[in-house]
Amino acid sequence: MKIVVLVKEVPDTYGDRKLNLETGLADRAASDAVIDEIGERALELALTYADAHEGTDVAVLSVAPEGATATIRKALAMGAGSATHISDEALRGADLGLTADTLAAAVRRMGFDLVITGNVSTDGSGGMIPAMLAELLDVPHATGLSAVDISDGAVSGTRAVESGVQQVSADLPAVISITEALPGPRFPNFKGIMAAKKKPLEVLTLANLGITADDPDAARSIMLTIAEKPPRAAGIKILDEGDAGEKLADFLIENRLA
Ligand SMILES: Cc1cc2nc3c(=O)[nH]c(=O)nc-3n(C[C@H](O)[C@H](O)[C@H](O)COP(=O)(O)OP(=O)(O)OC[C@H]3O[C@@H](n4cnc5c(N)ncnc54)[C@H](O)[C@@H]3O)c2cc1C
């Protein structure tokens, strides 16, 4: 069984997240770069399966800037057997379409039985990559799973929906996306960190994947304008002169909040 886990490097959720107002791109210098937590949970799922199924090959894949090697190596320290890092100047500010094309070409090149992704990233938050990837790879896709069971030849899971839960399953090869309901990641131990230094980490460019970033036939989204978020307006203070409840009710009704 070959499991490919998609991990994205993102600005630290607890750090200062800024967009560069000239380029519209995430200002990566504003905070530390980390593996998106949902990606760590996806990797934990794959490693838990591999712990119980000898011979399982767990590989991580990331489209990320040149400097992301240390972040990707953390996934190797957690226990992934190998990593593929797609890094290319032409991917700076890549939109969902180009990112999905690039990831699909890399996954095809790596070979796979199961691709595990997060349901949504914490920076771009498009929530589209898993579905776009499954479409490009022409395989089934089980989305937003809160519990997963990987078996020989199939994957099944539970998805929470408004009216309850759905049980879904797909034959392999397939793509699944997981939610934060999945167990949290293991911490890399010293042995894992040392072993990660020797594990294979290949760095590829778009040319290695036969992808052209400015393909005239490909639909690409472009950013037109960007502006600072307006400062938050000061809230309304309600002084309680025995009628705070009434004033609050009026406020809620006026603002259609009740
Ligand atoms: C603030 C902001 C706004 C953006 N707005 C747009 C927009 O409107 N339209 C547009 O086309 N693009 C937009 N982008 C770019 C888009 O975010 C990137 O293309 C991004 O790489 C993929 O989208 P996502 O993070 O939203 O993916 P999601 O679909 O939210 O990611 C889901 C999962 O896919 C996998 N994944 C996603 N990206 C990668 C990666 N680079 N490497 C490995 N695995 C990955 C991870 O497992 C992740 O958990 C925006 C980016 C930012 C930072």
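F190 sits in helix α5, which covers residues 190-198; helices here are DSSP runs of H or I with at least four residues, strands are E runs of at least two, both numbered from the N terminus. The model is predicted, so to speak of local features takes a pLDDT of at least 70 and side-chain atom pairs count only at 80 or more, while totals for chains, interfaces and linings use all residues. Residues are numbered from 1 along each chain as its sequence is written, and side-chain values use heavy atoms, with hydrogens and water left out.

F190 counts as exposed because its relative accessibility is 62%, the cut-off for exposed being over 50% (1.4 Å probe, protein chains only).

Now for the ligand. There are 26 residues around it, and the closest are K8, S121, G126, G127 and M128; to be near, a residue needs a heavy atom within 4 Å. Sorted by class, that shell holds twelve nonpolar, eleven polar and three charged residues, where Asp, Glu, Lys and Arg are charged, Ala, Val, Leu, Ile, Met, Phe, Trp, Tyr, Cys and Pro are nonpolar, and the others, Gly among them, are polar. Strands β4 (57-63) and β6 (114-118) and helices α3 (96-110) and α4 (129-137) each supply at least two shell residues.

Ligand oxygen atoms also make polar contacts (N or O pairs within 3.5 Å) with the backbone: a polar backbone atom of G126 is 2.6 Å from one, while for D95 the distance is 3.2 Å. The protein buries 78% of the 920 Å² that the ligand exposes when taken alone, by the Shrake-Rupley method with a 1.4 Å probe.

Note on methods. Buried < 20%, exposed > 50% of the residue type's maximum accessible area, 1.4 Å probe, protein only. Polar contact = N/O pair within 3.5 Å; in protein donor to acceptor, adjacent residues only side chain to side chain.
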